[in-house]
Amino acid sequence: MAATLSPPEPSNDLDRERQRMLDACFLGPYAQNDTLLEKLVVEFLRDHVYWRRNFHPEDPLAISTTAALHPDYLAFEAKMRRELHLLSAALKKSVPFHSPRYIGHMASDLLLPGLAAQILTLPYNPNNVTEDTAPVTVELEIKVGLQLARMLGYVDDPTRPDCAFGHLTSGGTVANYQALRLALAQKAFPVALRAAGIDELELPEDDWAAFNLHPQAAIALVDRWGRWLAQATPTERKRWQSKVAKERIEHLGLVDFFALHADLKVPKVLAPVTAHYSWSKGCKLLGLGRGQLEQLPERGMRIDIDALEATLERCLRDRQPVLMAVAVLGTTEYGTVDPIDAVVDARERFARRGLGFSVHVDAAWGGYLATLFRNEDGSLRPLEDVACGFQTFPTPEVHAAVAAIGSTDSATVDPHKLGYLPYGSGAFICRDHRATALLTEAADYVFHGESAPDYMTRYRSLGQIIPEGSKPGAAAAAVYVTHRVLPLDHANFGLLSAQTIRAAEHFRTRAQRFTRDIAGVAQAIMPFDPDSNLVCLALNPAGNRSVAVANAFVRRLHDELRIDPSHPLQDKEFFASATTLKPEALGEEGILRIFDALGLDAATLDDDRDGKLVILRHTLMNPYLIDRENGISYIDLYFEYLAKRVRALGHAT
Ligand SMILES: *Cc1c(COP(=O)(O)O)cnc(C)c1O
């Protein structure tokens, strides 16, 4: 272990002191906290046992005390044990996410509070589809929505009418789908109100205007409609409700809705080329069609705002409605952050000109980095405060992007990524909860009037709103407890996020030395400055001009850095992942800059089967990448290993 340690230190004594707390956060690379986890699991398993025993202890024993002596009992136990051992043995081939030698995909060790809460809740098996099957954990899920809303800068006070609302999903994919679903419901509802002929509600003058309201104007209209219904007589209410229901897009389907409103086109979804493929899935699932997803080019791996502007101008000219513009906070492949503030600004300007659309932040990866930008009271930290202790993070652009999340319409955050929680925990959060009534299967007026339920009560039938039906209450318990133990601000959860940023900054510094170390054998660069903790490395053997040759070289390197079920795990030194750079994502100048630095001829891109450049990708979320206790940096060790492999492969070619 000859790694030289020069990683950046936490900024001050308080932070250094608080870092010790992180020692208790995870099971740890060597499972150092095994007794802690074991104690918790056993303690709460016993608790569950006593809970069962205290429910009608007068009932006779259904399983007799001699049952365990019966041969069939023993045979079953033996069979179960055999299968469990086979499973346990097979699982030894799993990916060692917990190890600081794993910097591949978006996974790491699990936070103990979440893991313990999930294990402890499992035997109660709550189903968060409704409070009838989850009297405890449904409420925790609604509170998780509020915790995340606060982290993002949305209103998190349920007594306010415009409070945010969030719920968990199986992952970011379904959260993104839910965003599309809500945005479409919100967009099409004013058109249905017009079609039903309700004049009392101050409706827009034509279908185009109704379909193009600012999202907040659409929400206000949904709210007015609910109030209007609540004060109507029961007979009137029923009549109008059924009239409107028949005009809604959810009832008619896309085909009949757009046939009835022939002057409206199926709306587009605008997302950057770097967007996750869940957006394509979502467009297909919603029936919009993959063709309605318009991919915006990037500049420096961030949405090209001029291109967004030009696209919106074109849409306005062609009377082409836009459902949503997606901005990504932490792209899946490159960890870059889109200018959310500029997208929000475009929404305001185009809504005034009659082209309303919602803005969604896909923060499935980067969402928890927002903890670094929050004070304990929930307020936004100024740039200088956030920057304290980092070399270049956050750039003013990243700070402005995070500061603007509060003005977006909805967001996706994955607790099972940078929240260090077990799969599957994604989350969807909308800024203003009043339009969620449009997603319910039941009557929407019940949320208004004298007897309207309060916020918490309203959402206890989660199954009415979410895309899924039955869902694990244990997952909600895990996320809730984690956010209670580590509140989502810079002084608590943010300590974890800060470590990942420091690791990324150290990676960048160390990459420069690596580049010098392998000079003459290969050229290496970080293709763009990382905005977060996901960093890429592009490589090319010295003297080579061909993209196909460079790709073959990086693929061979990556083969040694990926899981290989036919080989013992212990043989592996490090894990990293690979991705590609597409010309569309880089833009003209990006391609020239990167290919020049690598000594590659961009004209040879077409020689590669996919027309892309293969690069290495690293997610630096493991909390033990920089081990101060022993003065070891796994990032340094990784680069030493990589340099060795590059030399071996380079001389072989
Ligand atoms: C991971 C990711 C998704 C998809 O989330 P899953 O939890 O894998 O369904 C969507 N968007 C971004 C930006 C992501 O990083």
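Trainee: How many aromatic pairs does the structure hold?

Mentor: This is a predicted model, and it holds 22 aromatic pairs.

Trainee: How do I read one of them?

Mentor: A pair of aromatic rings is described by two values, the distance of the centres and the angle of the planes. Take Phe26 and Tyr624: their ring centres are 6.1 Å apart and their planes stand at 80 degrees, so this pair is edge-to-face. Planes over 60 degrees apart get that label.

Trainee: Which parts of the chain does the pair of Phe26 and Tyr624 tie together?

Mentor: Phe26 belongs to the loop between helix H1 (13–19) and helix H2 (34–53), while Tyr624 belongs to the loop between strand S14 (613–619) and strand S15 (626–627), so the contact ties together parts that are 598 residues apart in sequence.

Trainee: Is Phe26 buried or exposed, and what about Tyr624?

Mentor: Phe26 counts as buried because its relative accessibility is 0%. Tyr624 has 18% and also counts as buried, since the cut-off is under 20%.

Trainee: Which rings are linked into a cluster?

Mentor: Ring pairs link Phe507, Phe514, Phe574, Tyr638, Phe639 and Tyr641. Phe574 also has a charged neighbour: Arg101 lies over the face of its ring, 5.0 Å from the ring centre.

Trainee: Where does the charged end of Arg319 sit?

Mentor: Over the ring of Trp208, at 4.6 Å from the centre of that ring.

Trainee: Let's turn to strands. How should I think about their two sides?

Mentor: In a regular strand the side chains alternate between the two faces of the sheet. Now look at strand S2 (residues 165–169). Phe165, His167 and Thr169 are on one side, Gly166 and Leu168 are on the other, and all of them are buried, leaving both faces covered. Five of the five residues are buried, so S2 is largely enclosed by the rest of the structure.

Trainee: Which way does S2 run relative to strand S10?

Mentor: S2 and S10 (residues 426–430) run antiparallel and are joined by five bridges. Within this pairing, Leu168 stands opposite Ala427.

Trainee: What is the bridge partner of Val413 in S10?

Mentor: Ala427 again. Val413 is part of strand S9 (residues 410–413), where it points one way together with Ala411, while Ser410 and Thr412 point the other way; all are buried. S9 pairs with S10 in the antiparallel sense over four bridges. With strand S8 (residues 358–363), S9 runs parallel, again over four bridges, and there Ala363 stands opposite Val413.

Trainee: What is the strand order in the open sheet of five strands?

Mentor: The order is S1-S13-S14-S12-S11, and the pairing is mixed. Strand S1 (102–103) and strand S11 (522–525) are at the edges with a single partner strand each, so one side of each has no neighbour in the sheet. S11 pairs with strand S12 (residues 534–541) in the antiparallel sense over four bridges, and Gln523 has Asn540 as its bridge partner in S12.

Trainee: Finally, which residues form the nonpolar patch on the surface?

Mentor: Phe76, Met80, Leu84, Leu87 and Leu91, which together have about 510 Å² of accessible area.

Notes:
Residues numbered from 1 in each chain as written. Predicted model: local features only at pLDDT ≥ 70, side-chain atom pairs only at ≥ 80, totals over all residues. Heavy atoms only, no water. Phe/Tyr/Trp six-rings, centres within 6.5 Å; stacked < 30°, edge-to-face > 60°. Helix = DSSP H or I, 4+ residues; strand = E, 2+ residues; numbered from the N terminus. Buried < 20%, exposed > 50% of the residue type's maximum accessible area, 1.4 Å probe, protein only. Lys NZ or Arg CZ within 6 Å of the ring centre and 35° of its normal. Pairing = 2+ DSSP bridges. Patch = residues over 30% accessible without salt bridge, like charges linked within 9 Å, V, L, I, M, F, W, Y side chains within 5 Å. Areas by Shrake-Rupley, 256 points an atom, 1.4 Å probe, with all protein chains shown as cover. Salt bridge = Lys/Arg side-chain N within 4 Å of Asp/Glu carboxyl O.
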